[in-house]
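Hi everyone, thanks for coming. Let me put the model up on the screen, and then we can walk through it together.

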Amino acid sequence: MRYCKKAVHLIDRKDFEKLTTWEKFNLRLHNAVCKRCRGYNRFSHVLKSLFGKISEQEKCLSCEEKEELKKKLSSK
Amino acid sequence: MAQEKADIDLNSWVDEYSDMLFNFAANRVNDRDLAKDLVQDTFFSALKAWERFEQKSTVKTWLFSILKRKIIDHWRQQQSRKTKPISQFTTNDEDENNWIEATTPNSEVNETEAFFENNELRGALMTCIDLLPEKSKGIFIDKFIDHKDSEEICNEYEITSSNFWVIIHRAKVQLKGCLDKKWFDQ
């Protein structure tokens, strides 16, 4: 149980920070035998993918879209 | 001050902030047209509220706060359109304290993840996030939605790093419980 506490902390951190190789290894080892932590790991992944999907690619409006937006705003 | 505020230049707002706002929205709703609408609505709302804007923060921060509210409202609205059962993601033989267990074979994982990454579930999650204690809610939103640095959040809320992770963990546990009731049990 004490080890689950550590595993859960690693799972929480790994979505935002890079774990060391040793930490990753320990987490994998623990998850291989612990169903609850494996489930928590998956739930964490779902949460992160729902809210944390940040594209590497910057998305921008085209010049036409900006002009259209300006027109709409000025008509208000 | 009122005079300065009256001289608002809409064109410069669009030139200066529209790309940043659009990028933020597009990355969160994964829909270009919807992101465009959200940015447009943000500007309209800002125009309406301009007289009430006390300029305690920058215009950029203010516009982003409006946009974030609009994105959250959008996610909430998705929940009311929920139609797909997702009972296949839980197993009946597990007791209710167990975490969601991946029961699908590897070949179906992508499909499963794609399914999870939908706005309806985000909507359900937003409802559950609303039920979190205020402090946990603020910290969770800062981390998962605004993608702030952990250190920045710790400074803002005057908490230690270990407190921060405990709060994040408890929030996730509460969200899991809430989703079990509000979504998975349906």
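Let's start where helix 4 of chain A meets helix 2 of chain B: Lys66(A), Leu69(A), Lys70(A), Leu73(A) and Ser74(A) on one side touch Leu10(B), Asn11(B), Val14(B) and Ser18(B) on the other. By contact I mean two residues whose C-beta atoms, placed from the backbone, lie within 7 Å. Helices here are DSSP runs of H or I with at least four residues, strands are E runs of at least two, and both are numbered from the N terminus.

A word on what you are looking at: this is a predicted model, where local features need pLDDT of at least 70 and side-chain atom pairs count only at pLDDT 80 or more, while totals for chains, interfaces and linings use all residues. Residues are numbered from 1 along each chain as its sequence is written, and chains are lettered from A and ligands numbered from 1 in the order in which they are written.

Back to that pair. Axes are lines fitted to C-alpha atoms, for helices over the stretch in contact, and angles run from 0 to 180 degrees between N-to-C directions. The crossing is right-handed, meaning the near helix is turned clockwise from the far one by less than a right angle, with anticlockwise being left-handed.

Helix 2 of chain B has another partner, helix 3 of chain B: their axes come within 8 Å and cross at roughly 135°. This crossing is right-handed, and the residues making the contact include Trp13(B), Leu21(B) and Ala25(B) from helix 2 and Leu38(B), Val39(B) and Thr42(B) from helix 3.

Now, which residues have the most contacts inside the largest nonpolar core? They are Ala25(B), Leu67(B) and Leu125(B), in a core of 45 residues. A nonpolar core is a set of buried Ala, Val, Leu, Ile, Met, Phe, Trp, Tyr and Cys residues joined through C-beta atoms within 7 Å. Buried means 20 or more other C-beta atoms within 10 Å of a residue's own, exposed means 12 or fewer, and partly exposed is in between. Helix 2 of chain B gives this core its largest share, eight residues. Domain 1 (2–80) and domain 2 (99–184) of chain B both contribute, so the core lies between them; those bounds come from an automatic or database domain assignment. Apart from neighbours within four places in sequence, Leu67(B) contacts Leu21(B), Phe24(B), Ala25(B), Leu38(B) and Thr42(B).

Chain A, for its part, has four helices and zero strands. Of its 76 residues, 20% count as buried.

Last stop, a few single residues. Ser45(B) sits in helix 3 of chain B and is partly exposed, with 15 other C-beta atoms within 10 Å. Glu151(B), in helix 8 (residues 150–157) of chain B, is exposed with 10. And where is Glu158(B)? In the loop between helix 8 and helix 9 of chain B. Glu158(B) has a positive phi of about 55° although it is not a glycine, and it counts as exposed, with 7 C-beta neighbours inside 10 Å. Most residues other than glycine have a negative phi.
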